[in-house]
Amino acid sequence: MRLDGRRESTNVDDRRGSTARTVGGIGIGGAIIVGLITLLMNGGNLGQAIQTASSMAGQQQSASQPYQPTAEEEELATFAKQILAGTEDVWTEIFRQYGKTYYPPKLVLFTDAVQSGCGGASASSGPFYCSADQCVYLDLSFFSSMKEQLGADGDFAYAYVIAHEVGHHVQYLLGTLQEAHQQMSRSSEKISNQISVRLELQADFYAGVWANNDNKMFRSLEAGDIDEGMAIASKIGDDYLQKKAYGRTIPDSFNHGTSDQRSRWLKKGLSSGNIQLGDTFSPDYRSL
């Protein structure tokens, strides 16, 4: 991606080195696949995901110690702030076109573990959006885990992760997230999972819409970027992750969508850039 000279968002709460420290339990290296299946880009079943991640991480204790990020991590922090700024510019304009006001989410950078408005979470849970405090939470080490555990790498792949979480915030501002969660609370586990899939696919679509419009505004996409996006989307489907972790799939437990579904909805957003084409709730579930 072309980001030289792009502004960095100041709507960032940098808690690196000052968050709760994970003690005992399984670390991100061993938990990344399970964590991805549970919450890679969550929005649909956040409470369950955070509870799972917390139990994996073990007990936590407060820690406040000097933290010295590496040069690579600082580059990733700058990158994340630039991508967040891009989402602010794009969604502000899209909302304006529809007579609405966009209120951007805050990005919280943390290390190891964090306390959010939705509860505590560890790095192994992956990036997530919390509607209770309207924040996107990100441990930058997740990008290294993406590369090491899934072979997913590249700046657009990383941008997609952030844009997806911001997509959940867009759902929150439009009321979609709240309505879906209400439906999930009244539904069976199978139907609840299907609603979660609809939320996740729409967030994928919104990530594509962002990329399309960001490119129109800033000419940010380069050759190979879209391929990076398709590559990661194909590796974060429930079917791919379950086969990788368990050697089989359990379709009724899918809560993010298959690799094919995630790739198609991301591509649809990328090719159209039109938020009105992202209705994942009206179609029959089998046709998503």
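Predicted model: local features only at pLDDT ≥ 70, side-chain atom pairs only at ≥ 80, totals over all residues.
Which residue in strand 6 does A113 stand opposite?

Residues are numbered from 1 along each chain as its sequence is written, and side-chain values use heavy atoms, with hydrogens and water left out.

View 1. A113 stands opposite S122 in strand 6. Strand 5 (residues 113–116) runs antiparallel to strand 6 (residues 119–122), and four bridges link the pair. Strands here are DSSP runs of E with at least two residues, helices are runs of H or I with at least four, and both are numbered from the N terminus; two strands pair if DSSP finds at least two bridges between them.

View 2. Four strands lie in the order 1-4-8-7, with mixed pairing. Strand 1 (12–14) and strand 7 (128–130) are the edge strands, each pairing on one side only. On average, neighbouring strands of this sheet are turned by 25° against each other, direction ignored. Strand 4 (residues 106–109) pairs with strand 8 (residues 135–138) in the parallel sense over four bridges, and V108 stands opposite Y137 there. Helix 5 (residues 155–174) packs on the sheet, touching strand 7 and strand 8, and its direction makes about 25° with that of strand 7. Axes are lines fitted to C-alpha atoms, for helices over the stretch in contact, and angles run from 0 to 180 degrees between N-to-C directions; contact means heavy atoms within 4.5 Å.

**View 3. W91 in the largest nonpolar core.** This core has 61 residues, and W91, F143, M146 and W210 have the most contacts inside it. Residues touched by W91 include Y102, V166, Y206 and I275, leaving aside those up to four places away in sequence. A nonpolar core is a set of buried Ala, Val, Leu, Ile, Met, Phe, Trp, Tyr and Cys residues joined through side-chain atoms within 4.5 Å. Buried means under 20% relative accessible area, exposed over 50%, and partly exposed in between (1.4 Å probe, protein chains only).

**View 4. S196 in helix 7.** S196 belongs to helix 7 (residues 189–218) and is buried, with a relative accessible area of 1%. Its side chain reaches the backbone oxygen of N255 at 2.7 Å.

Definitions and conventions: Polar contact = N/O pair within 3.5 Å; in protein donor to acceptor, adjacent residues only side chain to side chain.
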